[in-house]
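Subject: Structure for your files

Hello,

Please find the structure below.

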Amino acid sequence: MQIFKNSLLRHTFLFGALVGGALILAAFVVYLKDLSVNFDPNLRSINLFLIVSGIFFGVKKYRDDELGGAISYGKALATGVLIIGFASMFYSIFIYVLTSFFDTAIIKEAIIFLEKGLHEMGYQQKDIDLLMGIYKNITPGLFAFGQWFSKALSGLFFSLILAFFFRQNRNLFNRNSIDKFSESNNQ
């Protein structure tokens with residue numbers, strides 16, 4: 001395949017598949033325990049941890065293995081975004097298959113939760129009815145796209161932050177850099 005000749009795409013696809021697999025596994029375990037795949041707070045925390053960890057270790061490994069220990073902000077940002085983009089793609093495919101073929105109640109649960117939330121926030125009934133008229137027509141494909149978008153957006157946010165820490169022209173997390181720094185201070 002031509003896509004795998006580019007080291008950035010190859011690396012981000014592999015790390016994205018790893019992170020996506022971890023996200024799927026976490027959601028599947030929650031689903032098997034009859035908990036909400038949409039609204040379980042523990043699953044949200046696990047997903048955020050997996051996203052941040054995936055970006056951190058993916059960018060670090062790409063920087064160290066492919067770029068010799070130095071990476072620009074833009075390259076670190078692109079690496080993190082691509083990793084989470086691929087991971088989100090795998091996760092959304094899982095959600096699509098789950099909601100299309102195994103459990104359509106997941107979408108219904110999301111619609112009920114949204115309607116309840118709108119009532120609690122104080123929206124007027126006519127506004128709620130208007131919004132719910134739109135949301136009641138959500139297909140598994142649109143629902144899966146929403147899952148992809150939310151994961152990708154959080155991945156973009158964390159990539160912006162983590163890329164700042166990796167942007168150095170020298171490798172601050174590399175053992176050789178630490179040893180050189182220690183030697184220069186001891187002299």
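The largest pocket has a lining of 23 residues, and those nearest its centre are Asn38, Phe39, Arg44, Gln147 and Ser150. Helix 2, helix 4 (105–120) and helix 6 (140–166) are the elements that give two or more residues to this lining. Helix 6 gives the most, seven residues. By class the lining of the largest pocket has 15 nonpolar, six polar and two charged residues (Ala, Val, Leu, Ile, Met, Phe, Trp, Tyr, Cys and Pro count as nonpolar, Asp, Glu, Lys and Arg as charged, and the others, Gly among them, as polar). The space in the largest pocket is about 630 Å³. A pocket here is an open set of points on a 1 Å grid over the protein atoms alone, where a 1.4 Å probe fits, with protein on both sides within 12 Å along at least five of seven lines; lining residues have an atom within 4 Å of a point. The volume is the space filled by probe spheres set on the points, which are joined across faces, edges and corners.

The model is predicted: local features need pLDDT of at least 70 and side-chain atom pairs pLDDT 80 or more, while totals for chains, interfaces and linings use all residues. Numbering starts from 1 along each chain as its sequence is written, and side-chain values use heavy atoms, without hydrogens and water.

Now the helix pairs. Helices are DSSP runs (H or I, at least four residues), numbered from the N terminus. Axes are lines fitted to C-alpha atoms over the stretch in contact, with angles from 0 to 180 degrees between N-to-C directions.

Helix 2 (residues 41–66) and helix 3 (residues 73–102) pack at about 130 degrees, with axes 9 Å apart. The two are therefore oblique to each other (angles under 35 degrees count as roughly parallel, over 145 as roughly antiparallel, 65 to 115 as roughly perpendicular and the rest as oblique). In their contact (heavy atoms within 4.5 Å), helix 2 supplies Ile51, Gly54, Ile55, Gly58, Val59 and Tyr62, and helix 3 supplies Lys75, Ala76, Thr79, Gly80, Ile83 and Ile84. Seven of these residues are nonpolar, four polar and one charged.

For helix 3 and helix 6, the axes come within 7 Å and cross at roughly 160 degrees; this pair is therefore roughly antiparallel. Their contact has 19 nonpolar, ten polar and one charged residues.

The axes of helix 4 and helix 5 (residues 125–135) come within 10 Å, crossing at roughly 165 degrees, which makes helix 4 roughly antiparallel to helix 5.

Regards
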